[in-house]
Structure formats: C-alpha cells, structure tokens
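Trainee: Could we go through this one together before I write it up?
Mentor: Gladly; open it up and ask whatever comes to mind.

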Amino acid sequence: MPKDAHNKAAEHHESAAKSHKMAAEHHGKGEHAKGREESTKAQTHSKTAREHSDMAHGKSQSQK
C-alpha cells in the first residue's frame with residue numbers, strides 16, 4: 001500500500017512540474033492570466049503530492 005501512495009505522490013509531483021513549466025511559458029509570452037491559472041494548478045498538484053507523500057511515509061513507518 002505505501003507504494004501506491006508513493007506512486008500517487010510522484011504523479012502529482014510530475015503534474016505540478018508540468019504546470020509550473022506551462023506557467024513560466026505563459027508568463028514569458030505576457031499571457032499572465034493563463035500563467036496564473038497554471039500556477040494555481042501547480043499549487044494544487046503540489047499540495048496533493050505532499051499529502052500523498054506524508055501518507056506514504058506514515059504507512060512506511062508503520063510497517064517497520
């Protein structure tokens with residue numbers, strides 16, 4: 001089960017990274033509204049990734 005939580009965390013970290021990249025590209029083009037939207041998505045993915053990481057860590061600790 002911890003592996004599932006780790007995988008979910010990794011998926012959200014990857015999604016956050018993609019959203020951060022898109023935000024930077026939009027901001028670079030002067031498309032600030034789209035950049036802010038992608039930044040918000042990145043924050044959401046980062047928060048979810050953190051939650052899954054914490055869950056995975058807790059489950060890993062309890063299995064020792």
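Trainee: I clicked on histidine 52 to begin with; which residues does histidine 52 touch, not counting those up to four places away in sequence?
Mentor: Bearing in mind that this is a predicted model, histidine 52 touches Ala5, Lys8, Ala9 and His12 once residues up to four places away in sequence are set aside.

Trainee: Does histidine 52 count as buried or exposed?
Mentor: Histidine 52 counts as buried, because its relative accessibility is 18% and the cut-off for buried is under 20%.

Trainee: Which other residues of α2 are buried?
Mentor: Besides His52, the buried residues in α2 are Gly35, Glu38, Ala42, Ala49 and Ala56.

Trainee: What does the C-alpha trace span along its principal axes?
Mentor: The C-alpha trace of the chain spans about 50 × 10 × 10 Å along those axes. Helix α2, which runs over residues 32-62 and has 31 residues, reaches 45 Å from its first C-alpha to its last, close to the 45 Å expected at 1.5 Å a residue.

Trainee: What about alanine 16, which residues is it in contact with?
Mentor: Alanine 16 is also found in helix α1, and, leaving aside neighbours within four places in sequence, alanine 16 is in contact with Ala42, His45 and Ser46. Alanine 16 counts as buried at 4% relative accessibility. The C-alpha atoms of alanine 16 and threonine 48 are separated by 9.5 Å, although these residues are 32 residues apart along the chain.

Trainee: And alanine 23, is that buried or exposed?
Mentor: Alanine 23 counts as buried, at 3% relative accessibility. Beyond its neighbours within four places in sequence, alanine 23 is in contact with Gly35, Glu38 and Ser39, and its C-alpha atom is separated by 9.2 Å from that of lysine 41, 18 residues apart along the chain.

Trainee: Changing topic, where is glutamate 31 found?
Mentor: Glutamate 31 is found in the loop between α1 and α2, and at 28% relative accessibility glutamate 31 counts as partly exposed. From glutamate 31 to threonine 44 the C-alpha distance is 20 Å, with the two 13 residues apart in sequence.

Trainee: For the whole chain, what share of the 64 residues counts as buried?
Mentor: For the chain as a whole, 22% of the 64 residues count as buried. The accessible surface comes to about 4,700 Å², of which 53% belongs to carbon and sulfur atoms.

Trainee: How much of the contact set comes from residues 24 or more positions apart?
Mentor: Such residues account for 62% of the contacts in the chain with a separation of 6 or more.

Trainee: Last one: how many positive and negative side chains are there?
Mentor: There are 12 positive and 9 negative side chains in the chain, and the centres of the two sets lie 2 Å apart.

Note on methods
Residues are numbered from 1 along each chain as its sequence is written. This is a predicted model: local features need pLDDT of at least 70, side-chain atom pairs count only at pLDDT 80 or more; totals for chains, interfaces and linings use all residues. Side-chain values use heavy atoms; hydrogens and water are left out. Buried means under 20% relative accessible area, exposed over 50%, partly exposed in between (1.4 Å probe, protein chains only). Contact means heavy atoms within 4.5 Å. Accessible areas come from the Shrake-Rupley method with a 1.4 Å probe; for residues, only the protein chains shown count as cover. Lys and Arg count as positive and Asp and Glu as negative; His and the chain ends are not counted. The place of a charge is taken as NZ of Lys, CZ of Arg, CG of Asp or CD of Glu. Helices (H or I, at least four residues) and strands (E, at least two) are DSSP runs, numbered from the N terminus. The expected span of a helix is 1.5 Å times one less than its number of residues.
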